[in-house]
Amino acid sequence: QVQLVESGGGLVQAGGSLRLSCKASGDIYIIPTMRWHRQAPGKQRELVATIRNGAGTNYADSVKGRFTISRDNAKNTVYLQMNSLKSEDTAVYYCNADIFSRSGGLFQPWGQGTQVTVSS
């Protein structure tokens, strides 16, 4: 079994920065892909950023140039650096990953979510 735990959310003024972290733990062999999603009140969950093991990143148009996804494979951790935050970035942020276990199973767990609130 594997799990993801996020941290780093909080309240910030517009124009400020926050850094989110998400650590995977459990029976992990390899994590090909890690993602950040967000869900604002009354809206559907949306994919914000994706990072593949050794092979690039993708971003939603709404965050390009402001958010940066990165990972530390030694720590099984993915980060989301969020700069120039806007009120419309207010949401619960979730991480998600494709994780192969040593026993050969594929898991796609979600973290519990971390609240990001941007005040204008």
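## Terms and basis of the model

Two strands are said to pair if DSSP finds at least two bridges between them. The strands themselves are DSSP runs (E, at least two residues), as helices are (H or I, at least four), and they are numbered from the N terminus.

The model is predicted, so that local features need pLDDT of at least 70 and side-chain atom pairs count only at pLDDT 80 or more, while totals for chains, interfaces and linings use all residues. Residues are numbered from 1 along each chain as its sequence is written, and side-chain values use heavy atoms, with hydrogens and water left out.

## The four-stranded sheet

An open sheet is built from 4 strands in the order S1-S3-S8-S7, with antiparallel pairing. Strand S1 (2-7) and strand S7 (67-72) are at the edges; each has a single partner strand, so one side of each is left without a neighbour in the sheet. On average, and with direction ignored, neighbouring strands of this sheet are turned by 15° against each other. Such angles are taken between axes, which are lines fitted to C-alpha atoms (for helices over the stretch in contact), and run from 0 to 180 degrees between N-to-C directions.

Strand S3 (residues 18-26) is joined to S1 by 6 bridges, and the two run antiparallel. Within this pairing, Val 5 has Lys 23 of S3 as its bridge partner. Lys 23 also has a bridge partner in S8, namely Thr 77, and S3 and S8 pair in the antiparallel sense over 6 bridges.

S7 and S8 likewise pair in the antiparallel sense, over 6 bridges, and Ser 70 stands opposite Tyr 79 in S8. These two strands form a hairpin with 4 residues between them, where Asn 76 in the turn has a positive phi of about 50°. Of the 6 residues of S8, 5 are buried; buried means under 20% relative accessible area, exposed means over 50%, and partly exposed lies in between (1.4 Å probe, protein chains only).

## Aromatic rings and charges

The structure holds 1 aromatic pair. Tyr 94 and Trp 110 form this pair in an edge-to-face arrangement, at 6.5 Å centre to centre and with 75° between the planes. Tyr 94 belongs to strand S9 (residues 91-100), whereas Trp 110 lies in the loop between strand S10 (106-107) and strand S11 (114-119), so the pair ties together parts that are 16 residues apart in sequence. Rings of Phe, Tyr and Trp (its six-membered ring) pair if their centres lie within 6.5 Å; planes under 30 degrees apart count as stacked, over 60 as edge-to-face, and the rest as tilted. Tyr 94 counts as buried, at 14% relative accessibility, while Trp 110 is partly exposed, with a relative accessible area of 39%.

Trp 110 also has Arg 45 over its face, at 4.7 Å from the ring centre. A charge sits over a ring if NZ of Lys or CZ of Arg is within 6 Å of the ring centre and within 35 degrees of the ring normal.

Asp 89 is located in the loop between strand S8 (77-82) and S9. Asp 89 is buried, with a relative accessible area of 0%. Leaving aside neighbours within four places in sequence, Asp 89 is in contact (heavy atoms within 4.5 Å) with Arg 38, Arg 66, Phe 67, Ser 84, Val 116 and Val 118. Its side chain makes a polar contact with the side chain of Arg 38 at 2.9 Å, and a polar atom of the Asp 89 side chain lies 2.8 Å from the backbone nitrogen of Lys 86. A polar contact is a pair of N or O atoms within 3.5 Å; within protein, one must be able to donate a hydrogen and the other to accept it, and residues adjacent in sequence count only if both atoms are side-chain atoms.

Arg 66 is placed in the loop between strand S6 (57-59) and S7, and is buried, with a relative accessible area of 11%. The side chain of Arg 66 reaches the backbone oxygen of Ser 84 at 3.0 Å.

## Thr 90

Thr 90 is in the loop between S8 and S9. The side chain of Thr 90 reaches the backbone nitrogen of Val 118 at 2.9 Å, and one of its polar atoms lies 3.0 Å from the backbone oxygen of Ser 87.
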